[in-house]
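These notes are meant for a colleague who is opening this structure for the first time. Please read them with the sequence and the model side by side.

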Amino acid sequence: MEIIKEDFKHSFSSATKFSKSPCEWLCNYGLKLRSPSSPAMTRGNLSEFGTYYKLKRGMQQRDDKGFAKLIEHRFKKFKYLDAEKEINNAIEIAKQFEKVLYERQLRDIVGYQAEMVKKLDGLKYPVRAFTDFEFANIIVDAKSTMRMPSYPKPDHLRQQALYSKLYGKPTALLYATPKKTMYYELNDEDIENGYNQIFNHFKSLENYIIKCNNNLEEAIKITPLNTDPNPFAWDINIKQEAEKVWQKYQ
């Protein structure tokens, strides 16, 4: 059985997952074992959509009662599980995102969660990217959190470095809690270092596919299964299924 199809496209999340844990990447992309959406992911999705909605409708300084109902409606529409407590956090974080973007005169959105697919020299497979907020002169990636970092996370810098190269634009990270914000625009060094790192992750993944002949059974045989909770927490159902598969082939 093939691990990936010929139309496979690299993504930042795929390459990052592989760099941290090849066995977890194999479970996701080879065995198609996917974790359910987490409360934190739900908060991020709702807050980003809320920010887009407010910016598109020029709702700065207006009554937010209708906006809150919109977020609640979207939560129910997508049937998010075990994340009701994140609805109010998403509403407040969306307001924080909007406030910072307005302060920086970033109001006219060119693209929201738009897809780009681009072929890069030196890679067999093209790269797919989805941006949060694209403006005429910059791309801003919104990160919702309940604990504000003192400095942008390395993974986030790499992601925006990749997007800067793909789009040929400056990029920035916008963090927000329900009460605090941090805006960081990547400098040239951030972009060069981050891009080189993620490009190397893409190459490592392609070399791995070549090494195991893009064959799922061969990949399992050469890939140790490590279900320790670091660097991520395994979903219990995926962990149990992975252990059964690895026992079969190793």
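**Notes on the model**

1. Trp-25 is buried, and Tyr-29 is buried as well; as a caution for what follows, the model is a predicted one. These two residues stand four places apart in helix α2, which means that about one helical turn separates them. In general, an α-helix has 3.6 residues a turn, so residues three or four places apart point the same way.

2. The structure holds eleven aromatic pairs. In one of them, the rings of Trp-25 and Tyr-29 have their centres 5.2 Å apart and their planes at 20°, and because an angle under 30 degrees counts as stacked, the pair is stacked. Trp-25 also forms an aromatic pair with Tyr-208, and here the arrangement is edge-to-face, with 6.2 Å from centre to centre and 90° between the planes. Since Trp-25 belongs to helix α2 and Tyr-208 to helix α7, this pair ties together parts that are 183 residues apart in sequence. Tyr-208 is buried, as is Trp-25. Trp-25, Tyr-29 and Tyr-208 belong to one aromatic cluster, together with Phe-8, Phe-18 and Tyr-125.

3. Is helix α2 as a whole mostly covered or mostly uncovered? The helix, which spans residues 22-29, is mostly covered, with seven of its eight residues buried. The buried residues are Cys-23, Glu-24, Trp-25, Leu-26, Cys-27, Asn-28 and Tyr-29. They pack against α1 (12-20), α7 (188-211), α8 (216-222) and α9 (236-249).

4. Helix α7 also takes part in a packing with α6 (residues 154-167), in which the angle is about 95° and the axes are 7 Å apart. Because angles from 65 to 115 degrees count as roughly perpendicular, α6 is roughly perpendicular to α7. On the α6 side the contact is made by Arg-158, Ala-161, Leu-162, Ser-164 and Lys-165, and the residues they meet in α7 include Asp-190, Tyr-195, His-201 and Phe-202. The residues of this contact divide into six nonpolar, four polar and four charged. Within the contact, Lys-165 lies over the face of Tyr-195, at 5.6 Å from the ring centre.

5. Another lysine placed over a ring is Lys-54, whose charged end sits over the ring of Phe-67, 4.6 Å from its centre. Lys-54 is also in contact with Asp-64, and Lys-95 is in contact with Asp-64 too, when the neighbours of Asp-64 within four places in sequence are left aside. Asp-64 itself lies in the loop between α3 and α4 (65-77). Asp-64 and Gly-44 are 20 residues apart along the chain, and their C-alpha atoms are separated by 19 Å.

6. Leaving aside its neighbours within four places in sequence, Thr-42 is in contact with Ser-37, Phe-75, Tyr-80 and Ala-83. Asp-108, by contrast, has its place in the loop between α5 (86-103) and β1 (111-112), and it is exposed because its relative accessible area is 65%, where exposed means over 50%. Asp-108 and Phe-133 are 25 residues apart along the chain, with 9.8 Å between their C-alpha atoms.

Notes:
Residues are numbered from 1 along each chain as its sequence is written. This is a predicted model: local features need pLDDT of at least 70, side-chain atom pairs count only at pLDDT 80 or more; totals for chains, interfaces and linings use all residues. Side-chain values use heavy atoms; hydrogens and water are left out. Buried means under 20% relative accessible area, exposed over 50%, partly exposed in between (1.4 Å probe, protein chains only). Contact means heavy atoms within 4.5 Å. Rings of Phe, Tyr and Trp (its six-membered ring) pair if their centres lie within 6.5 Å; planes under 30 degrees apart count as stacked, over 60 as edge-to-face and the rest as tilted. A charge sits over a ring if NZ of Lys or CZ of Arg is within 6 Å of the ring centre and within 35 degrees of the ring normal. Axes are lines fitted to C-alpha atoms, for helices over the stretch in contact, and angles run from 0 to 180 degrees between N-to-C directions. Angles under 35 degrees count as roughly parallel, over 145 as roughly antiparallel, 65 to 115 as roughly perpendicular and the rest as oblique. Ala, Val, Leu, Ile, Met, Phe, Trp, Tyr, Cys and Pro count as nonpolar, Asp, Glu, Lys and Arg as charged, and the others, Gly among them, as polar.
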